[in-house]
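Please read it alongside the sequence and the coordinates.

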Amino acid sequence: MTEMRAFAIGFCGGSGIAYGLRLVTVLLQAGHTVHLAATGAALRVMRHEAGLDVDQLRPDLAALFEDSLRQRLIVHDLAAVEATPSSGSAKLSATILIPCSMGTLARVAHGFSSNLVERMADVAIKEGRPLVVVPRETPLSVIHLENMLKLARAGAIMLPAMPGYYHRPQTVQDLVDFVVGKVLDRLGVEHTLQPRWRTPAGDRLAGNGDHPAASASPWDEEEERP
Ligand SMILES: Cc1cc2nc3c(=O)[nH]c(=O)nc-3n(C[C@H](O)[C@H](O)[C@H](O)COP(=O)(O)O)c2cc1C
């Protein structure tokens, strides 16, 4: 049986709120608990790019998810530095900043902890728990890159929102699922968001095959996407 775990997720004001919404949904669907907090900029970006009109002063983030999923979703106020995920004693498997703005990235890299999202990340680092950061910006300045390196050196997993194209995505959802699938892989959460690459048939004919059931497709056809 799959072990149920608890994750802390921070939405920041980087573009790509769809990544965050999808990750929370998949974790809740899988039966995990999610502690969620969003920065004010995340709420603004949500309105601009997803048309989600969340009240900026009293955001009801739980309303973004289906009723059946809300039982294991705990939404925290950004200012609530006394909230569970703010403490090193909280039993959390990992913290994920998705999407992560360059602003939050910089503040986490320098230990600011000026709100709950930054504090959750700071705590993950100090406790040696997994911190997955999904930054989004382009182009990247030297400052951005140095902050990313600083966080990577502190143990954070830098997982930029850079979807691949070798799986021939047909929809925006395919691109979102590519990135979210990568996050889930790092969290050790089983998923079928994207097919898994296998040695293409041509390579097998050349003697480089690594799978007994050679097929023309490089994808694991047995897996079905949700
Ligand atoms: C529509 C929109 C898209 C944005 N996209 C990005 C982005 O991709 N990356 C980024 O670092 N900032 C982006 N920003 C700017 C951040 O939201 C801004 O720097 C904000 O202060 C970050 O705050 P936070 O770190 O507290 O979330 C965007 C802003 C808007 C309104």
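This is a predicted model: local features need pLDDT of at least 70, side-chain atom pairs count only at pLDDT 80 or more; totals for chains, interfaces and linings use all residues.

**Aromatic pairs**

The structure holds two aromatic pairs. A pair of rings is described by the distance of the centres and the angle of the planes. Both values are listed here for each pair.

| Pair | Centre to centre | Angle between planes | Geometry |
|---|---|---|---|
| Tyr166 and Phe178 | 5.7 Å | 80° | edge-to-face |
| Tyr166 and Trp197 | 5.9 Å | 90° | edge-to-face |

The Tyr166 and Phe178 pair links distant parts of the chain. Tyr166 sits in the loop between strand S6 (157–158) and helix H6 (172–187), while Phe178 belongs to helix H6, and twelve residues separate them. Together, Tyr166, Phe178 and Trp197 form one aromatic cluster.

How far is each ring residue of this cluster covered? Phe178 has a relative accessible area of 6% and is therefore buried, the cut-off being under 20%. Tyr166 has 44% relative accessibility, so Tyr166 counts as partly exposed. Trp197, at 46% relative accessibility, likewise counts as partly exposed. Exposed would require over 50%.

Strand S1 spans residues 6–11 and is mostly covered, with six of its six residues buried. In a regular strand the side chains alternate between the two faces of the sheet. Which residues of S1 are buried on each side? Ala6, Ala8 and Gly10 are buried on one side, and Phe7, Ile9 and Phe11 are buried on the other, so that both faces of S1 are covered.

S1 pairs with two strands, described in turn below. Strand S2 (residues 33–38) runs parallel to S1 and is joined to S1 by six bridges. Within S2, Thr33 is the bridge partner of Ala6. Strand S4 (residues 94–100) also runs parallel to S1, and four bridges join the two.

What handedness does the β-α-β unit of S1, helix H1 and S2 have? The unit, in which helix H1 covers residues 17–29, is right-handed.

Key: Residues are numbered from 1 along each chain as its sequence is written. Side-chain values use heavy atoms; hydrogens and water are left out. Rings of Phe, Tyr and Trp (its six-membered ring) pair if their centres lie within 6.5 Å; planes under 30 degrees apart count as stacked, over 60 as edge-to-face and the rest as tilted. Buried means under 20% relative accessible area, exposed over 50%, partly exposed in between (1.4 Å probe, protein chains only). Two strands pair if DSSP finds at least two bridges between them. A crossover is right-handed if, with the strands pointing away from the viewer, the path from the first strand over the helix to the second runs clockwise.
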